[in-house]
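Please keep the sequence and the structure in view while reading.

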Amino acid sequence: AKEAAASPRELPLLIVADGQTAGRGRGTNRWWTGSGSLAISLLADPATWRIDPRQHAAGLSLAAARAVAETVNTRLLGELQAEVRAPNDVYVGGRKVAGILIEGLACGLLVIGIGLNMNNTMADAPAELRDGITTLRDLLGRAVDPTELLIELLARLDAALGSVAESGRHRACDCRSGPPS
């Protein structure tokens, strides 16, 4: 996405990775991307949502995490629900299912990175991560349609980012209540 930002193109630009060898989180944290997970980067102009990244920095990650949690919750049945953990993580049953990393580029564009443990399994994760993560496949006992999930996630992300500037500041929400009305 950073390379794509250097040349003129129509935005937003969605990059979906089938595999990832150097997933990143905040600071020096790494993100494991097992086969079947969803790893996307969205290169976008924050003006699309009337967002000033300096003014709305804290709300961006929370809004993206809310969109991910709401998308996950439409697939979960029963008592388990996805919850946002500020500033940029989504957990189900005390285990991390997704992470978000948003980077502002010098050219003024944003790279919104989302990693979601979707159709990968905890059994394939590195041993040191297994106690702290979960995947949709493990939670549901079946695979999830990646295209359907991605389309829903992008729609929810667009709506959530659009609400950041309107609210002035975006607060962590209890996303267990389900999708927005």
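R75 is buried, with a relative accessible area of 10%, where buried means under 20% relative accessible area, exposed means over 50% and partly exposed lies in between, with a 1.4 Å probe and protein chains only. The model is a predicted one, in which local features need pLDDT of at least 70 and side-chain atom pairs count only at pLDDT 80 or more, whereas totals for chains, interfaces and linings use all residues. Residues are numbered from 1 along each chain as its sequence is written, and side-chain values use heavy atoms, with hydrogens and water left out.

R75 forms a salt bridge with E152, the closest N and O atoms being 2.6 Å apart; a salt bridge is here a side-chain nitrogen of Lys or Arg within 4 Å of a carboxyl oxygen of Asp or Glu. This pair links distant parts of the chain, since E152 belongs to helix α4 and R75 to the loop between α2 and β5, 77 residues apart. Helices (H or I, at least four residues) and strands (E, at least two) are DSSP runs, numbered from the N terminus. E152 is buried too, at a relative accessible area of 19%.

| Salt bridge | N to O distance |
|---|---|
| E152 and R75 | 2.6 Å |
| E152 and R156 | 2.8 Å |
| R156 and E70 | 3.6 Å |

The side chains of R156 and E70 meet at 3.6 Å, N to O. R156 lies in helix α4 and E70 in helix α2 (residues 53-73), so this pair ties together parts that are 86 residues apart in sequence. R156 counts as buried at 16% relative accessibility, and E70 counts as buried at 5%. Within helix α4, E152 and R156 are four residues apart, which means that about one helical turn separates them. The residues R66, E70, R75, E152 and R156 are linked in a network of salt bridges.

## Overall architecture and the sheet

The protein has four helices and eight strands, and read along the sequence these follow the pattern α-β-β-β-β-α-β-β-β-β-α-α. Buried residues make up 48% of the 181 residues. Among contacts between residues at least 6 apart in sequence, 65% join residues at least 24 apart, a contact being heavy atoms within 4.5 Å.

Six strands form an open sheet in the order β1-β4-β8-β7-β6-β5, with antiparallel pairing; two strands pair if DSSP finds at least two bridges between them. The edge strands, each of which pairs on one side only, are β1 (13-17) and β5 (82-85). On average, neighbouring strands of this sheet are turned by 15° against each other, direction ignored. Helix α4 (residues 146-167) packs on the sheet, where it touches β1, β4 (38-44) and β8 (110-116), and its direction makes about 40° with that of β4. For such angles, axes are lines fitted to C-alpha atoms, for helices over the stretch in contact, and the values run from 0 to 180 degrees between N-to-C directions.

A hairpin of three residues joins β5 to β6, and the two strands pair in the antiparallel sense over four bridges, with V92 in β6 as the bridge partner of A82.

The charged end of R85 sits over the ring of Y91, 3.9 Å from its centre; the criterion is that NZ of Lys or CZ of Arg is within 6 Å of the ring centre and within 35 degrees of the ring normal.

Strand β6 (residues 89-92) is joined to strand β7 (residues 95-104) by four bridges, and the two run antiparallel; D89 has G99 in β7 as its bridge partner. V97 is also found in β7 and counts as buried at 0% relative accessibility. V97 and N117 are 20 residues apart in sequence, with 5.4 Å in space from C-alpha to C-alpha.
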